[in-house]
Amino acid sequence: MNNTTTSSSQPQSPPSSSASPLMPSPPKSTNSPFATEAVLEGKAWVFGDDINTDIIMPFRFKSRTNDPNEMAKYAMYGIDPDFHKKIDKGDILVAGRNFGGGSSREQAPLALQYAGISAIVAESFARIFYRNAFSIGLPALETPGIKDHVVQGDRLIINLGEFTVTNTRTGHIFQAKAVPDFMRKMLLEGGLIEYFKKNQKFPWS
């Protein structure tokens, strides 16, 4: 796999103008500090194909700390060392094909989550990264064709009940690939651990 993406991996230019944002449905309230609301809204950060885990969370930083708040400082460090300083809590990461490829390190989705990213929307995911994201309550929506219809700065609305992504600038609604109900339930509870704490069973039981 070629991970030497250059210009296609850089955030795209912001739009010159934007339409009035759509009004999302009221979010679902939860008790978990990282529980995912039913509706998310945030600014898009757009990247290219083959963004691997060594870009998301470089290996040389992996052994330095087990504190996710420290890990957050290295989110997307392989492309932009200051990424964690630029984003706002609730922002949404958009990418092309094979997001999260490479090693199986679980620190990669955790670093993005603690940096403030509320969801990842990509055309496809590496399977281990995909499972790790759901396990920690970080929504990962596989949405073919999304990268070419979103630019840096667009406001996106994600409906986790319907698994849709709306670009409020264009009004376009994208349908993400469906996931089993137990995976959605796990997201809505904030991940596997939070689900088990609340229900005393696993979501697939």
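1. Ground rules: the model is predicted, so local features need pLDDT of at least 70, side-chain atom pairs count only at pLDDT 80 or more, and totals for chains, interfaces and linings use all residues. Residues are numbered from 1 along each chain as its sequence is written, and side-chain values use heavy atoms, with hydrogens and water left out.

2. Rings of Phe, Tyr and Trp (its six-membered ring) pair if their centres lie within 6.5 Å; planes under 30 degrees apart are stacked, over 60 edge-to-face, the rest tilted. That gives 11 aromatic pairs. In one of them, Phe125 and Phe129 have centres 6.4 Å apart and planes at 5°, so they are stacked. Both residues are buried (under 20% relative accessible area; exposed is over 50%, partly exposed in between; 1.4 Å probe, protein chains only).

3. Phe182 and Trp204 have ring centres 6.1 Å apart and planes at 85°, so this pair is edge-to-face. Phe182 is partly exposed, at 29% relative accessible area.

4. Phe99, Phe125, Phe129, Tyr130 and Phe134 form one aromatic cluster. Arg127 lies over the face of Tyr130, 4.6 Å from the ring centre; the test is NZ of Lys or CZ of Arg within 6 Å of the ring centre and within 35 degrees of the ring normal. Arg184 sits likewise over Phe163, at 4.8 Å.

5. Where do α6 and α7 meet? Tyr130, Phe134 and Ser135 in α6 meet Met183, Met186 and Leu187 in α7, contact being heavy atoms within 4.5 Å.

Technical notes: Helices (H or I, at least four residues) and strands (E, at least two) are DSSP runs, numbered from the N terminus.
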